Amino acid sequence: MSAVPIAETLHGGEFLTVYKPDVLIFPTPEEVGRYAAQTVQEQIVTKPDSIFTFPTGSTPIEMYRLVVEAGLDWSRARIKNLDQYYRIDPLHQASYAVDMQKNLIDFINIPPENWAIPNGIAPDPDEEAARYEEVFAEYGPVDMAVLGIGPGTTCHIGFNERGSQLGSRTRYMPLDPQTRAANAKFFDDPRDMPEGSITQGIATILEAQRIILLAIGDHKAQGILRTLEGSIGPDAPASFLRYHPNVTFILDAPAASQLTISRN
Ligand code: F6R
């Protein structure tokens, strides 16, 4: 499947095509996880040396569980994670490196050098962001990016908070107060919640050949509505996905509950 072009729009002096993304709505979060896992599995079976961009957090956990269960061959694949908190020790209980290891990396046969995530304790975040932007670039574009969406009205993808521009690349990004409030629950001591992150930029993410965005729960409904039916711009960074020709939103019914436009 791929998205249908529906309009041309002027953005920053350039005409861009706006697409109508595919939107799939499932009754339960488990079905979102199952469909997402199948999509990832089809990708790796079709192209065993695929490069993936993956998210962390609560939404993709079921997808990873099923991907692990499928026991596919990851020996030629590469994974370039979306983001990491800054500053955080990669060994910290709530770091995204640990999150990935305990949900996926420790259970698949991916060679260690084929998995990358920004270094949360790099001395200079700008240098680390510039280094990370280039990771795996010599192997070509990312084949499939899997995204979540931020809480409330953030509409973040990766950690591209409101104000992020279409042309943004991997960089240091301060976290929105809504993101800090939502993610503090992952920290044994919520006071350890970092203030910033290193994230792939919007332009970096949009270079992926195919993008799927997963959202589950009614706390994502407002952001999904804003992303799919509001204007495209930096006050809803996920809305920039509508400039990409191959994006699928995979939602459960509560996350889709505020959508008004027919999706057929
Ligand atoms: C995490 C990331 C974020 C999350 C988003 C949703 O790597 O890039 O954009 O996907 O904050 O988080 P959850 O799934 O915990 O609701």
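Me: Is the crossing of H1 and H2 left-handed or right-handed?
Reply: This is a predicted model, in which local features need pLDDT of at least 70, side-chain atom pairs count only at pLDDT 80 or more, and totals for chains, interfaces and linings use all residues. Residues are numbered from 1 along each chain as its sequence is written, and side-chain values use heavy atoms, with hydrogens and water left out. A crossing is left-handed if the near helix is turned anticlockwise from the far one by less than a right angle, and right-handed if clockwise. By that rule, the crossing of H1 and H2 is right-handed.

Me: At what angle do helix H1 and helix H2 pack?
Reply: Helices (H or I, at least four residues) and strands (E, at least two) are DSSP runs, numbered from the N terminus. Axes are lines fitted to C-alpha atoms, for helices over the stretch in contact, and angles run from 0 to 180 degrees between N-to-C directions. The axes of H1 (residues 29–46) and H2 (residues 61–70) lie 8 Å apart, and the angle is about 50°.

Me: Which word describes how H1 and H2 lie to each other?
Reply: Angles under 35 degrees count as roughly parallel, over 145 as roughly antiparallel, 65 to 115 as roughly perpendicular and the rest as oblique. The angle here is about 50°. H1 and H2 are therefore oblique.

Me: Which residues in H2 are met by H1?
Reply: Contact means heavy atoms within 4.5 Å. From H1 come Glu30, Gly33, Arg34, Ala36, Ala37, Val40 and Gln41, and in H2 they meet Glu62, Met63, Leu66, Val67 and Ala70.

Me: How many residues of H3 are buried?
Reply: Among the buried residues are Tyr96, Val98 and Met100. The buried residues of H3 pack against H2, strand E5 (78–80), strand E6 (83–86), strand E7 (115–116) and helix H5 (177–183). H3 is mostly covered, and of its 8 residues the buried ones number 6.

Me: What is the relative accessible area of Gln84?
Reply: Gln84 has its place in strand E6. Its contacts, leaving aside neighbours within four places in sequence, include Tyr96 and Ala97. Gln84 is buried, and its relative accessible area is 1%.

Terms used: Buried < 20%, exposed > 50% of the residue type's maximum accessible area, 1.4 Å probe, protein only.
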